[in-house]
Amino acid sequence: MSETKKSILDYETVALDDEKSALVIIDQTKLPYDIEILSLTKQKEIWNAIYLLQVRGAPAIGVAAAIGIYLAAKEIEADTSEEFYDKFKAAKEYLASSRPTAVNLFWALNRMDDCCRANLDKTPSEIKKILHDEAVAIHDEDVWVCKQIGQYGLSLVKPGDGLLTHCNAGKLATVKYGTATAPMYLGQEQGYNFRIFADETRPLLQGARLTAFELHESGLDVTLICDNMSASVMKKGLVNAVFVGCDRVAANGDTANKVGTSLVATVAKRYNVPVYICAPTSTIDLNTPTGDDIHIEERPAEEITEMWYKERMAPDGVKVFNPCFDVTDNDLIAGIITEYGIARPPFAQSLKEIFEKKKAHKDSNK
């Protein structure tokens, strides 16, 4: 009997194999041609996986960081909790250096750090068990967060709508459902029959390799377009809403997402198409006043000049500017969808209200 070919849907994007002390991920640099599962046991491997985009997407990076720092803690040998924490901090600083823009990386590492510091009255062995439970909680919460975002997002559209997304804020960027794709997946479950347009997303082609791939595998009606075609489909009236993810939201509602997002939002404004940012509260950084304060990572020039080509497609020696993200100004954004509701302009006020709802929710569950 031949073995049934596995789909991307048969795997979690990020998972913990505690028995093997491994972070298990789908290697997203190999998609869509190969579904390769990596079992990472060394901190250098985990650092590389985050830096090289083998695991990517803000929520998935956060979950990977939580599992990664737990695995580092699991290997620490220490006689006292103080000695344990010193080594834990060094491991945390190392993982934090892998991606400077993704706030979820720091959010997850800081949450694990807070958990560690709150339990320094316990033995190193006891602290390791607590860190395990916290990493698992971060993993499980991501599924709940994405489903909540999907439900709020679904309330903004109607059956048969055309939706456009940029980059990949899908299942492959989270544990399950995705952020920007969560309304699409939940809509599919409820028979909404959305028509989805996915930007290819140069230069790393996350839209072509990942979003189009996972939506097509899931049976959704998805059409792939080049990044410079968004105006064409919007002008024709084929797009009713734009859903995108983000890597960081500033206190004023400016958002950093994959480069090209601000272009999509500018075009959408011209054609009166609402742009919704799907943002777990873990990506909202109220300590960053505006988008101007967000550090934008620059990537290697070869991603533009050589990657995906058999031969170099640019002149030798030509200067290359390759920012990984751009900032979408808050006046281009109709709403920021979180797991605790939808923030509307003015965002400086509504984002604070979202965190008040989050605190009330947590207090009620204590």
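Across which strands does helix α9 lie? Helix α9 (residues 261–270) lies across β4 (162–165), β5 (195–199), β7 and β10, running at about 165° to β7. This is a predicted model, in which local features need pLDDT of at least 70 and side-chain atom pairs count only at pLDDT 80 or more, while totals for chains, interfaces and linings use all residues. Residues are numbered from 1 along each chain as its sequence is written, and side-chain values use heavy atoms, with hydrogens and water left out.

**Terms**
- Helices (H or I, at least four residues) and strands (E, at least two) are DSSP runs numbered from the N terminus, and two strands pair if DSSP finds at least two bridges between them.
- Angles run from 0 to 180 degrees between N-to-C directions of axes fitted to C-alpha atoms, for helices over the stretch in contact, where contact means heavy atoms within 4.5 Å.

**The sheet**
- Seven strands form an open sheet of mixed pairing, in the order β6-β5-β4-β7-β10-β13-β14.
- Because β6 (221–225) and β14 (341–343) stand at the edges with a single partner strand each, one side of each is left without a neighbour in the sheet.
- Strand β7 (residues 241–244) pairs with β10 (residues 275–278) in the parallel sense over three bridges, and the bridge partner of F243 in β10 is Y276.
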